[in-house]
Amino acid sequence: MSQTAKTPTDIALLADSLTASANELHARVLRAINKNSATHEEAQALFDKEVALRLQANTLYTNAVALSARELAVPRQHLLDLAAQARETIRKIERMKTIADIAGDLLSLAAAVASARPEDLAPAAESLKANLAALKDSPQA
C-alpha cells in the first residue's frame, strides 16, 4: 500500500476506520445511557455525531475512486493511527464533552478528505491530536 491515500482502497481503509469509530461511539453512548452518566441532550448530540460520521464514511466509500483520482495524497497511516487512537479514547473516556469533541474532530477530518480539501486536513488532524494529547495529561482520563 502507498504511504499516502492515493488509491480507492486507501480511501476505503480510512472509511472503514471511521465506520469503526462510529460503531464505538454508538456503543459508548449506549453504555453512558445505561449508566445514567449522560443527559438526554448529551446522548442526542453524540448520536447526531455518530450519524454524521457514518455519512462521511459512506461518502468516502462512494467517492473513493474520484478522490483517489484527484491525488489528494492524504498521509494514510497517520490518519488511520489518529482514527484508531480516537476510537480507543471514545471507548474508554467517561466525559461526554470530551467524547463529543473527539467525534467532532473525526468529522472535520473526514469532511476534509471527502471534500478533497487538503488545506482543511492539517487543522482537523492537529485539533484531534491536541484533544487526544490533552487527555494523556488529564488525571480524569
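User: Which residue forms a salt bridge with Glu94, and how far apart are the closest N and O atoms?

Analyst: Side chains of opposite charge can pair when their charged atoms come close. A salt bridge here is a side-chain nitrogen of Lys or Arg within 4 Å of a carboxyl oxygen of Asp or Glu. Glu94 pairs with Lys35, the closest N and O atoms being 3.3 Å apart. Glu94 lies in the loop between α4 and α5 and Lys35 in the loop between α1 and α2, so the pair ties together parts 59 residues apart in sequence. Helices are DSSP runs (H or I, at least four residues), numbered from the N terminus. Arg28 joins Lys35 and Glu94 in a network of salt bridges.

User: What kind of model is this, and how are residues numbered?

Analyst: This is a predicted model: local features need pLDDT of at least 70, side-chain atom pairs count only at pLDDT 80 or more, and totals for chains, interfaces and linings use all residues. Residues are numbered from 1 along each chain as its sequence is written, and side-chain values use heavy atoms, without hydrogens and water.

User: Which residues touch the most other members of the largest nonpolar core?

Analyst: In soluble globular proteins, nonpolar side chains tend to be buried together. A nonpolar core is a set of buried (under 20% relative accessible area, 1.4 Å probe, protein chains only) Ala, Val, Leu, Ile, Met, Phe, Trp, Tyr and Cys residues joined through side-chain atoms within 4.5 Å. Leu18, Leu60 and Leu106 touch the most other members of this 42-residue core. Helix α5 gives the most to this core, with 12 residues.

Terms used:
Buried < 20%, exposed > 50% of the residue type's maximum accessible area, 1.4 Å probe, protein only. Helix = DSSP H or I, 4+ residues; strand = E, 2+ residues; numbered from the N terminus.
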